Amino acid sequence: MTRHMKETDLALYASGDLRLWQRAAVHLHVRQCESCRGIVEEFRADGRALRDAAAALPEGLDWARLSAEMTANIRVGLAAGECVAPRGHARRFIPALWRPVALASVVTVVLAALLVGGWWLNMPSQETQALSRAMRSIWHGRSVMQEDRGPVIEASSEGIELRKDGGALGVSQDSAKLMTVSVSTQGSASADYVDQDTGQVTITSVYAQ
Amino acid sequence: MRSKFFILAVTGTIAAIAQTPGRKIDFPADSPVTAVSSDWSETRETPRGGAYLLDVHAVLSLRNSSQRRIRGVTLAVLAQEVTPGGKGSVSVPSLDVAPGEAFPLRIDLPLLCPLNAGGPMVEVKLDGVLFDDLTFYGSDKLHSRRTMTVWELEARRDRKYFKTLLETAGADGLQKEILNCLELQRDRPSTGVQMVRGRSTNNDPEHELKFAFLHMPESPVDPTGGSARIAGNEARAPQIDIQNRSDRVVKHFEMGWIVKDQQGREFLAASIPSDVNLAPGKSSQVTQDSSLRFSERTLIGSMTGFVSSAEYSDGSFWIPSRAALNDPKLRTLIAPSPEEQRLLQIYHKKGLGGLIAELKKF
């Protein structure tokens, strides 16, 4: 047992004012920690002494007036504390109405992170690129590209690819150097690769026929 | 219990990754090339989201079982179940394979296909073989006779050009020209382009843009006009008016399409092949129902077309001469022929002596 509970938690535990989920943790700790158990016993003893002292107050004390003055003093203290407290402390006083909104925001952020992570790990790059293009079009205020109904043939510095009906046929050669790519309007694309050692040229093509 | 589940999960993953797709090499019985061996061991199939990433890597060893020298081979790679209607091909031009000799052919095909019960199937078929006398064998479903013949004619043209240069200007002159070609190859501009068949794909406003033309000397086909509809970074439905100025019927021609964007950058965007039946002196118009789409930063400013090859009805071809290709505009934009690429790589690897030795083989 290397770390002890905070005294405030022990005090609230001793008076029975600690929240349920904290109470269980403190209870387990106090059962095993002699030092903390001793503090709890002291708080309980102080509580009993206070209750005894209150019972022994003089007769004729105006409890209603005393209670009103104490309440007023507490409110003045709280207001003064808010005035001088750093701005970050204001977060502690989130109105109860806003707590569900804050909770919903946190849940939304977590779900969005899971969704983006899942998309990043699982979705084919073509789908990601299509979504990216659509988002860029929306951002720049242009008309959104409609989904291509026919086959799409693409040639770039990375190779050539045919996409149709959710499938894709790509061509690349790891061991050879890509020299040129070309596209034909009749529905094909070609890429020329040269073997670095032999100079043999291999031309790969895809056809949307 | 947890460890058993983990072992099952790991075993299942390894099994899924190690599974190889169905594959088939299907050559006709009288094929002039035969498959001696094939190595598919590097082929991998990996589940990825709701799809399979099928990475086909194969090396075939083919033997010339005919009595003639082979100049080119085209294999069709069919993945019909993967991409309905989609086909791929692998061609090897600039070959010089004697009867009985073997040669390697690599197939590298990344496929992305939906998950299904049977798994994807890849089939390799022979589309065509071109011999040194320009005769052809094969089903020619991918028009490989035309493309391989043009490559072979370009190879002969370019070898002749470099050999003539060697004879007239010596080794230094040849080296100077090779270095010039390497520089052009390095500096040639390129851009990503998508070709979409069918209707247009965005709603941007469009306008008509007329083609300019580079007139190639001795070309049997003369372009007289043409235009395409432009919408931002997309050019749609090109149409070209042509006239046959030769004395033979032209049945096919191909045009190169150069695009200049609004920043002044020029690049070879695409080729426009067209089947025609054009008698001597007659005119016609060809239209293609397709769109070219460039990157979003490429806003099309102007377009230029030039005839890059033509086929006559008797099966013979016309290609531009080296002199015609030395046009200042074309020289920086047109890709070198496969044979020029091969020769440049030989120079790069073996030096001037290796290149001269290679030129002397033919």
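## Confidence in chain A

In this predicted model, confidence in chain A is highest in helix H1 (residues 7–15), at a mean of 87, and lowest in helix H6 (residues 125–139), at 63. The score is pLDDT, the predictor's confidence in each residue from 0 to 100. Helices (H or I, at least four residues) and strands (E, at least two) are DSSP runs numbered from the N terminus.

Residues are numbered from 1 along each chain as its sequence is written, while chains are lettered from A and ligands numbered from 1 in the order in which they are written. Local features need pLDDT of at least 70 and side-chain atom pairs count only at 80 or more, whereas totals for chains, interfaces and linings use all residues.

Chain B has five helices and 19 strands. The largest nonpolar core holds 79 residues, with B:Val73 and B:Val77 making the most contacts inside it. A second, separate core of nine residues includes B:Leu343, B:Leu344, B:Ile346 and B:Leu355. Such a core is a set of buried Ala, Val, Leu, Ile, Met, Phe, Trp, Tyr and Cys residues joined through C-beta atoms within 7 Å; buried means 20 or more other C-beta atoms within 10 Å of a residue's own, with C-beta atoms placed from the backbone.

Now follow helix H5 of chain B (residues 338–359), which spans only 15 Å between its end C-alpha atoms; a straight helix of 22 residues would span 32 Å at 1.5 Å a residue. That expected span is 1.5 Å times one less than the number of residues. Among the buried residues of H5(B) are B:Pro338, B:Tyr347 and B:Leu355.

Key. Buried ≥ 20, exposed ≤ 12 C-beta atoms within 10 Å, placed from the backbone.
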